Amino acid sequence: MSTAAQVDDRHWHPGFRALSPSRRQVLAGLSALAAGAGPAGGAAAQSAPRRARAQPQRIDVHHHLAPPTWVSRFVAAKQIQPIISDWTPAQSIDDMDRGGVATAFLSVTTPGVWLDDVAASRQLTRECNDYAARLVGDHPGRFGMFPALPLPDTEGSLREIEYALDTLKADGVGLMTSYGDKWLGDPAFDPVMQELNRRKAVVYTHPTVANCCRNLIPGLPPPVIEFGTDTTRAIAQLVFSGTAARYPDISFIFSHAGGTMPFLIERFLFQANNPQAAKKLPNGVLHELRKFYYDIAQSFQAAPMLGLKKLVPLSQILFGTDYPFRTTEEHVKGLRDCGVFTAKELQAIERDNALRLLPPRHAA
């Protein structure tokens, strides 16, 4: 059975919005930014004092791309939505400029790159990662990348880690929270985790819909519940299997404020008291949860933000937008309106924490 989630229409993803990009406006804006100028105008505008334009500062760790070969694989089967299949790099840059994002780290979203065929999946993975690398090169400082791996193909994933990190000089790798009926932390993925730990890699994770949990509630799009739940399952498997403790040098990033994990923390703590679970948690469950990183994409309401802030150090919270499903401006406004963070804390979330985690070449 394919691990790709079936999609009926554009409203599959919560927060869907229509896109109407203007390439002319995007190019004009980029030209103005490169020249250090304000908006173009007539003679009056040219003679008037230039208004200072704020330098983009934010760093977005949750920003999706849609490589053409990836789109062609999935769009005909309605496994991806129009909002992602119609994506262009110009749309991303336009949204970044409007929201004050200096750098966005690109990743493939669900259904990932696994095609139930080893050779085909390896080829698609390589094409997607090469495409992302070209975007990084074509737009210096604007994009980073979390390349995909063709899990559950372990051998292919090990090869792609080497290629992505050594040849493409990627910023880390991107994984789905589950593959079929296996979540991150499953023993089948140990060789991949061992190599990522050896390299002290950043591992961005994105939720998907596991085989167990498709179409459980008729009429309710899977991401409304299942994305947060699948993230929580992945976190639980990594922690309670002992994977997180065995491979402490992997820096995991979890989407959407950790899914439902902050709200289930009492159950996590209680389970950690079980003698069998405790054997795999030499440093305790909170130690592992507080080492992970969490982005705030589609989670900027007060309740999840308060829960996350109480549970983990502020240094572990990162800015993410889930673009193109939501906009940067929505997240900037939402973080401020939720009333949870001070100005100094917002600066840390939107920029400083990512700078400590990710390479300094993205400090544009």
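I start with two helices. The axes of helix α5, residues 89-99, and helix α15, residues 328-337, come within 8 Å of each other and cross at roughly 30 degrees. Axes here are lines fitted to C-alpha atoms, for helices over the stretch in contact, and the angles run from 0 to 180 degrees between N-to-C directions. That crossing makes α5 roughly parallel to α15; angles under 35 degrees count as roughly parallel, over 145 as roughly antiparallel, 65 to 115 as roughly perpendicular, and the rest as oblique. Helices (H or I, at least four residues) and strands (E, at least two) are DSSP runs, numbered from the N terminus.

Before going on, the ground rules. This is a predicted model, in which local features need pLDDT of at least 70 and side-chain atom pairs count only at pLDDT 80 or more, while totals for chains, interfaces and linings use all residues. Residues are numbered from 1 along each chain as its sequence is written, and side-chain values use heavy atoms, with hydrogens and water left out.

Back to the helix pair. Which residues meet? From α5 they are D95, R98 and G99, and from α15 they are T328, E329 and V332. By class, the contact of α5 with α15 has 1 nonpolar, 2 polar and 3 charged residues. The classes are Ala, Val, Leu, Ile, Met, Phe, Trp, Tyr, Cys and Pro as nonpolar, Asp, Glu, Lys and Arg as charged, and the others, Gly among them, as polar. Contact means heavy atoms within 4.5 Å.

Helix α5 is mostly covered, with 9 of its 11 residues buried. Buried means under 20% relative accessible area, exposed over 50%, and partly exposed in between, with a 1.4 Å probe and protein chains only. D95 and G99 are among the buried residues of α5. Just after the helix, G100 takes a positive phi of about 75 degrees.

For the chain as a whole, there are 16 helices and 10 strands. Of its 364 residues, 57% count as buried. Among contacts between residues at least 6 apart in sequence, 79% join residues at least 24 apart.

Next, the rings. A pair of aromatic rings is described by the distance of the centres and the angle of the planes. Rings of Phe, Tyr and Trp (its six-membered ring) pair if their centres lie within 6.5 Å; planes under 30 degrees apart count as stacked, over 60 as edge-to-face, and the rest as tilted. The count by this rule is 9 aromatic pairs.

F105 and F146 form a stacked pair, 5.4 Å centre to centre with 20 degrees between the planes. F105 lies in strand β2 and F146 in the loop between β3 and α7, so the pair ties together parts that are 41 residues apart in sequence. F105 is buried at 1% relative accessible area, and F146 is buried at 2%.

F240 and F268 form a tilted pair, at 5.5 Å and 55 degrees. This pair links helix α9 (residues 226-240) with helix α11 (residues 265-272), 28 residues apart. Both F240 and F268 are buried.

Ring pairs also link F252, F254, F292 and Y294 into a cluster. L238 lies in helix α9 and is buried at 0% relative accessibility. L238 and D186 are 52 residues apart in sequence, but 7.6 Å apart in space, C-alpha to C-alpha.

Last, the backbone. Most residues other than glycine have a negative phi, and most peptide bonds are trans. Which bonds are cis here? Among them are T110 to P111, with omega near 20 degrees, and L151 to P152, with omega about 15 degrees. P111 is in the loop between β2 and α6, and P152 is in the loop between β3 and α7.

As for phi, K169 has a positive value near 55 degrees and is exposed at 52% relative accessibility. Q298 also has a positive phi, of about 55 degrees, and is partly exposed at 22%.
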